[in-house]
Amino acid sequence: MSLWGRLFFVSIAIASAQTAAPGQNDYRFPNSQVLATQQKVANYDHPLRKVVSGGEQKDIKYTFLGSKLLQAGYSSEQATIDLPPLPLHNWNEAHIHLYKHSGTHSIRNTTRTSYLEMVDVWHHRNIDYLEFVKIEVLQQDRLQVVTHPDFDAPVLIKIASFPWEMLSLQREATVYSLLHGSGATPEFLGYVTEGGRVIGFITEYITEVPSIRGRNMRGCLAALRSLHQRGIAHGDAHDGNCLIRKDGSAVLIDFELSVETWSHEEFERDLDVIGRCIQELSGNPY
């Protein structure tokens with residue numbers, strides 16, 4: 001099993017393996033842009049997701065930084081770490097080691113690995129990640145507002161930067177398929193790929209108007225009941241996961257914790273959470 005596979009199984013039980021925020025360590029490669037980093041997972045190395053450039057050619061590749069060696073060569077505080085140029089060639093996973101005494105690095109074990117991808121793809125549109133033009137990053141690498149010639153307006157993409165994030169996105173895409181046509185979600189517009197591998201999805205991007213949001217929050221209850229009528233409990237139904245379009249219609253987002261169920265207890269829990277949020281915002285009972 002590849003290191004990716006071992007990391008995937010380990011990380012299911014490690015909730016602390018979150019994508020690192022900018023400002024921890026700055027990893028710099030002469031020919032690469034780091035898209036996402038994560039802290040050390042269990043006993044494994046620090047993973048980086050990056051785009052490697054060579055002339056007009058660009059590829060997404062993944063590297064692991066030797067944790068023990070990095071710790072020996074750098075302090076635990078924020079540092080700028082200059083790393084060697086990465087070859088293009090036919091690989092997508094490599095390991096970088098630091099020689100403590102000389103301060104030099106080497107790239108080892110460049111391999112071509114089959115990574116996890118989303119399955120049960122139900123929408124016809126697939127667009128490669130590198131084709132999008134980034135407008136705004138809402139969560140580092142994972143959630144971005146982008147443009148693409150297929151769309152007349154900016155759209156939202158949500159991707160799994162690393163394989164252990166794939167299960168939650170798979171669940172979310174499945175919920176979108178079950179709710180297709182219900183009007184309770186943003187429009188699902190297709191999938192994001194990386195070298196042919198499906199790593200995320202595209203949805204309508206909704207920009208809210210505060211004055212409209214304040215008048216239409218009760219629409220969140222209607223959207224939530226629409227989910228329940230189709231046998232889905234949201235699982236995280238707070239007001240931040242309900243968006244109000246400019247026309248006043250309400251939609252729900254963020255289905256990573258959603259489940260298919262007919263449990264009235266689950267439905268009541270959803271309604272209680274969103275109801276309390278509405279009450280706090282409006283000052284009136286829901």
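Trainee: In which sense do strand β12 and strand β13 pair?

Mentor: Residues are numbered from 1 along each chain as its sequence is written, and side-chain values use heavy atoms, with hydrogens and water left out. Strands are DSSP runs of E of at least two residues, helices runs of H or I of at least four, numbered from the N terminus, and pairing requires at least two DSSP bridges. Six bridges join β12 (residues 188-194) to β13 (residues 197-204), and their sense is antiparallel.

Trainee: Which strands stand at the edges of the open sheet?

Mentor: The order of the six strands is β8-β12-β13-β11-β10-β9, with mixed pairing. One side of each edge strand is left without a neighbour in the sheet, because each has a single partner strand; these are β8 and β9.

Trainee: Which residues touch the most other members of the largest nonpolar core?

Mentor: Such a core is a set of buried (under 20% relative accessible area, 1.4 Å probe, protein chains only) Ala, Val, Leu, Ile, Met, Phe, Trp, Tyr and Cys residues joined through side-chain atoms within 4.5 Å. Helix α3 and strand β13 are among the elements that each supply at least two residues. Of its 30 residues, those touching the most other members are M118 and F201.

Trainee: Which element has the lowest mean pLDDT?

Mentor: Over residues 1-23 the pLDDT is below 50. Where pLDDT is low, the predicted coordinates should not be read in detail. The lowest mean, 39, belongs to helix α1.

How values were computed
This is a predicted model: local features need pLDDT of at least 70, side-chain atom pairs count only at pLDDT 80 or more; totals for chains, interfaces and linings use all residues. pLDDT is the predictor's confidence in each residue, from 0 to 100. Contact means heavy atoms within 4.5 Å. Buried means under 20% relative accessible area, exposed over 50%, partly exposed in between (1.4 Å probe, protein chains only).
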